[in-house]
Amino acid sequence: ADIPVIPDLEEVQEEDLAMQVAAPPSVQVNRVLTYQDLDKDLMKYAAFQTLDGEVDLKLLTKVLAPEHELREDDVSWDWDHLFTEVSSELVTEWDLGHSERED
């Protein structure tokens, strides 16, 4: 009942194309803008102060946090230490919630 079938050449060629991977596109990046450049552009160009020509973004740009407030030092993470810390906090919260229910 199960007779092996020899595939047509067209089917084999289609399968070969399906297994090929396309080359990724090449994108040329000249330089990445700094926060300082972005801040200057934001205040310099009126185009950045409205959205779709209708929404006024001036209020938003006035209350944006400056770069020095956003900068954070790089901190390396140790998986074991992080896991232990999070587990400990979860157990503490669970114990507090459990004791409050008993009271």
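Before you click anything, a quick word on pLDDT: it is the predictor's confidence in each residue, on a scale from 0 to 100. You need it because what you're looking at is a predicted model. Here the protein averages a pLDDT of 77, and 77% of the residues score at least 70.

The lowest mean belongs to H1, at 63, while H5 has the highest, at 89. Keep one thing in mind as you go: where pLDDT is low, the predicted coordinates should not be read in detail.

**The whole chain**

Switch to cartoon view. Follow the chain along the sequence and the pattern reads α-α-β-β-α-α-α.

The accessible surface of the protein comes to about 10,700 Å², and carbon and sulfur atoms account for 57% of it.

**A patch of valines**

Next, select Val-27, Val-29 and Val-32. Together they make a nonpolar surface patch of about 340 Å².

Zoom in on Val-32. Where does it sit? Val-32 is in the loop between helix H1 (9-19) and helix H2 (35-44). Is Val-32 buried or exposed? Its relative accessibility is 67%, so Val-32 counts as exposed, the cut-off being over 50%.

Now jump to helix H5, residues 79-102, and show the side chains of Trp-79 and Phe-83. The two are four residues apart in this helix, so about one helical turn separates them.

Look at their rings. A pair of aromatic rings is described by the distance of the centres and the angle of the planes. With rings counted as a pair if their centres lie within 6.5 Å, the count comes to one aromatic pair. That pair is Trp-79 with Phe-83: the ring centres are 5.8 Å apart and the planes meet at 35°, so the pair is tilted.

Bring the surface back for a last look. Trp-79 is exposed, with a relative accessible area of 61%, whereas Phe-83, at 48%, counts as partly exposed.

Notes. Residues numbered from 1 in each chain as written. Predicted model: local features only at pLDDT ≥ 70, side-chain atom pairs only at ≥ 80, totals over all residues. Heavy atoms only, no water. Patch = residues over 30% accessible without salt bridge, like charges linked within 9 Å, V, L, I, M, F, W, Y side chains within 5 Å. Areas by Shrake-Rupley, 256 points an atom, 1.4 Å probe, with all protein chains shown as cover. Salt bridge = Lys/Arg side-chain N within 4 Å of Asp/Glu carboxyl O. Buried < 20%, exposed > 50% of the residue type's maximum accessible area, 1.4 Å probe, protein only. Phe/Tyr/Trp six-rings, centres within 6.5 Å; stacked < 30°, edge-to-face > 60°.
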